[in-house]
Amino acid sequence: MSFLKIFVAALLSIVAVNLQYLRLTQIQQGSGQAIHTAKHQDVELIRLNAINRSPNLGFENLLADSLFLSFLQYFGDSKQRKEFGYGLAPLYFDGLVDRDPRFVEAYLYLSNTISLRLGKPNRSIALMEKGLESLTPTTPPRSYYIWRFKATDELLFLGDGEAAKQSFEKSAEWARQSSDEEAPLIAEISSQTAQFLAKNPVSRSAQISAWAQVLVSARDEETEQIATERIESLGGTIVVNEGGQVSVNFNIYDD
């Protein structure tokens with residue numbers, strides 16, 4: 001099959017999915033605003049399932065980017081999220097990880113949304129494990145962060161200190177092999193957190209370190225508030241310097 005035929009087939013596939021979505025939206029709009037709001041989740045579910053079943057035809061990255069942009073719109077609709085929650089989030093990331101497992105930035109939203117907001121850390125961890133199968137310490141850059149996201153979920157949401165220790169050790173190992181500017185720092189703090197957990201699998205210092213990661217990587221006020229409350233409840237103190245840089249003091253001695 002020629003490249004042109006493949007390109008046209010891919011476009012037709014994407015167009016068909018979006019036409020289906022638009023038609024369903026039009027049906028929705030004719031049923032009144034209340035029904036429109038209630039049915040929006042069903043329409044988006046149909047659209048996501050259609051996209052996830054559609055063939056890639058060599059345009060994996062294009063489809064992954066489209067899914068991520070759709071997710072950002074979904075995540076940012078605070079009114080609907082307050083009413084309906086984050087139940088569709090795994091479908092966005094199922095498609096993302098399948099099509100572009102090297103999309104490092106997406107894993108941060110994956111962890112924060114599926115584990116922190118939806119309360120399904122096992123699903124989040126399984127998706128990260130699937131993605132890690134396609135990654136190496138140097139490809140793509142900063143891939144060591146995914147081990148840290150996984151470790152954070154294991155520690156904070158599953159309470160599995162041993163699994164978290166192993167993931168932090170892998171993060172440190174991968175960071176040491178990376179030439180990224182921030183890699184030495186990530187290697188150091190990941191190694192320190194693993195050492196905390198080796199001494200005490202329920203280490204408060206390790207938990208504060210993990211919540212600090214959630215705090216500094218938060219993309220919305222709600223996540224910032226949750227992380228701040230957890231850090232303070234564990235005995236940590238959040239400090240913001242004149243330049244706006246956030247740091248956490250560990251006012252505890254359990255390690």
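Mentor: Helix 6 has 14 residues, which at 1.5 Å a residue should span 20 Å, and its end C-alpha atoms are 20 Å apart, so the two agree. The expected span is 1.5 Å times one less than the number of residues. Helices (H or I, at least four residues) and strands (E, at least two) are DSSP runs, numbered from the N terminus.

Before going further, the basis: this is a predicted model, in which local features need pLDDT of at least 70 and side-chain atom pairs count only at pLDDT 80 or more, while totals for chains, interfaces and linings use all residues. Residues are numbered from 1 along each chain as its sequence is written, and side-chain values use heavy atoms, with hydrogens and water left out.

Buried means under 20% relative accessible area, exposed over 50%, and partly exposed in between, with a 1.4 Å probe and protein chains only. For the protein chain of 255 residues, 48% count as buried.

S111 is a residue of helix 6. Its relative accessibility is 6%, and therefore S111 counts as buried. Leaving aside residues up to four places away in sequence, S111 touches L116, S124, M128, F149 and D153. Contact here means heavy atoms within 4.5 Å. After helix 6 comes G119, with a positive phi near 75°.

Helix 3 (residues 60-76) is one partner of helix 6 (residues 104-117): their axes come within 12 Å and cross at roughly 40°. That makes helix 3 oblique to helix 6. The axes are lines fitted to C-alpha atoms, for helices over the stretch in contact, and the angles run from 0 to 180 degrees between N-to-C directions. Angles under 35 degrees count as roughly parallel, over 145 as roughly antiparallel, 65 to 115 as roughly perpendicular, and the rest as oblique.

The crossing of helix 3 with helix 6 is left-handed, a term used if the near helix is turned anticlockwise from the far one by less than a right angle (right-handed if clockwise). F68, F71, L72 and F75 of helix 3 meet A106, Y109, T113 and R117 of helix 6. By type, the residues of this contact are 6 nonpolar, 1 polar and 1 charged. Here Ala, Val, Leu, Ile, Met, Phe, Trp, Tyr, Cys and Pro count as nonpolar, Asp, Glu, Lys and Arg as charged, and the others, Gly among them, as polar. An α-helix has 3.6 residues a turn, so residues three or four places apart point the same way.

Helix 12 also involves helix 6. The buried residues of helix 12 are T223, I226, A227, T228 and I231, and they pack against helix 6, helix 11 (204-216), strand 1 (236-240) and strand 2 (246-250). Helix 12 (residues 221-233) has 13 residues and reaches 18 Å from its first C-alpha to its last, close to the expected 18 Å. E229 also belongs to helix 12, but at 44% relative accessibility E229 counts as partly exposed. G235 follows helix 12 and has a positive phi near 105°.

Now the stretch after helix 6. In the loop between helix 7 (121-132) and helix 8 (144-156) sits P140, and the peptide bond from T139 to P140 is cis, with omega near -5°. R142 is in the loop between helix 7 and helix 8 too. R142 is not a glycine, yet has a positive phi of about 70°; at 31% relative accessible area, R142 is partly exposed. Most residues other than glycine have a negative phi, and most peptide bonds are trans.

The axes of helix 8 and helix 9 (residues 161-176) come within 8 Å and cross at roughly 165°. Helix 8 and helix 9 are therefore roughly antiparallel, and their crossing is left-handed. Among the residues making this contact are Y144, W147 and R148 of helix 8 and F168, K170 and W174 of helix 9. The contact of helix 8 with helix 9 divides into 9 nonpolar, 4 polar and 4 charged residues.

For the overall setting, the protein chain has 12 helices and 2 strands. Of its contacts with a separation of 6 or more, 60% are between residues 24 or more positions apart.
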